[in-house]
Amino acid sequence: MTNADNARTFQLQLDKFADVLIPEALVAAHAKLTLDLLYLLVKKSPVGYPPNWKHPAPKGYVGGQFRSFWQASTTGAATVPTGTNDRSRYGDEPSSRQVQDGNAALRPLAPYSVTYIVNGLPYGERLNSGWSTQAPAGFVELSIAEAKNATETELRKFVEGENA
């Protein structure tokens, strides 16, 4: 093999690295960050428990709709039907439906794209402002900070060669 052949082979390897491997790694890291944040938001979301309320629950009330409504997407649209309820308790793991839906929503994820985590229920801002005694005020911001710190830690390990 000539030097020119070696140079061409090396150039093809660099092209593959830049055109395929880096974008694939970015998509994988982006999806992981999005799903990690979705997990934290679901886990920290309060679940209505009428015995703790000052006033009686509305007729037919079932707690867990807010917790169930978190979803990841590449469009920003909320697609979980209202009436979907996750009856698990505050702090429990996300339901398998939410994990499966999150993974499915991120399949079309492309390099350098945007993902959204949305909750389309109108009382979310009140819950995040401390309206519930189950979750601290600012639980959304706390979840974002936790996901950001975890991502920075993983990135630092990668850059420093700890994952090699």
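## Basis

Buried means under 20% relative accessible area, exposed means over 50%, and partly exposed lies in between (1.4 Å probe, protein chains only). This is a predicted model, in which local features need pLDDT of at least 70, side-chain atom pairs count only at pLDDT 80 or more, and totals for chains, interfaces and linings use all residues. Residues are numbered from 1 along each chain as its sequence is written, and side-chain values use heavy atoms, with hydrogens and water left out.

## The nonpolar core

The largest nonpolar core has 18 residues. Such a core is a set of buried Ala, Val, Leu, Ile, Met, Phe, Trp, Tyr and Cys residues joined through side-chain atoms within 4.5 Å. L38, L41, F66, W70, F139 and V140 touch the most other members. Helix 1 (3-44) and helix 5 (139-159) each supply at least two core residues. Helix 1 gives the most, with six. Helices (H or I, at least four residues) and strands (E, at least two) are DSSP runs, numbered from the N terminus.

Residues up to four places away in sequence are not counted here. F139 then touches F66 and W70, along with K44, S45, P46, L127 and N128. Contact means heavy atoms within 4.5 Å.

S143 lies in helix 5. This serine is buried, with a relative accessible area of 0%. Setting aside residues up to four places away in sequence, S143 touches L37, L40, L41 and K44.

K44 is buried, at 18% relative accessible area. E146 is partly exposed, at 32%.

## Salt bridges within helices

The structure holds four salt bridges. The criterion is a side-chain nitrogen of Lys or Arg within 4 Å of a carboxyl oxygen of Asp or Glu. Side chains of opposite charge can pair when their charged atoms come close.

In helix 1, D36 and K32 stand four residues apart, about one turn of the helix. Their closest N and O atoms are 2.7 Å apart in a salt bridge. D36 is partly exposed, at 30% relative accessibility. In helix 5, E152 and K148 are likewise four residues apart, about one turn. Their salt bridge spans 2.8 Å, N to O. E152 counts as partly exposed at 33%, and K148 is partly exposed at 48%.

## Buried polar side chains

S132 is in the loop between helix 4 (124-131) and helix 5. It counts as buried, at 16% relative accessibility. A polar atom of its side chain lies 3.0 Å from the backbone nitrogen of Q134. Leaving aside neighbours within four places in sequence, S132 is in contact with P46 and L127. F139 touches both P46 and L127 as well.

Q71 is in strand 1 (residues 71-73). It is buried, at 7% relative accessibility. Its side chain reaches the backbone oxygen of F69 at 3.0 Å.

## A nonpolar surface patch

F17, V20, L21, I22, L26 and Y112 make a nonpolar surface patch of about 560 Å². Patches are made of residues with over 30% relative accessible area and no salt bridge; like charges are joined within 9 Å, and nonpolar side chains (Val, Leu, Ile, Met, Phe, Trp, Tyr) within 5 Å. Areas come from the Shrake-Rupley method with a 1.4 Å probe, and for residues only the protein chains shown count as cover. F17 lies in helix 1 and is partly exposed, at 45% relative accessible area.

Y112 lies in the loop between helix 3 (96-105) and strand 2 (116-118). It counts as exposed, at 67% relative accessibility. Its backbone also deserves a look. Most residues other than glycine have a negative phi. Phi of Y112 is positive, near 65°.

How values were computed. A polar contact is a pair of N or O atoms within 3.5 Å; within protein, one must be able to donate a hydrogen and the other to accept it, and residues adjacent in sequence count only if both atoms are side-chain atoms.
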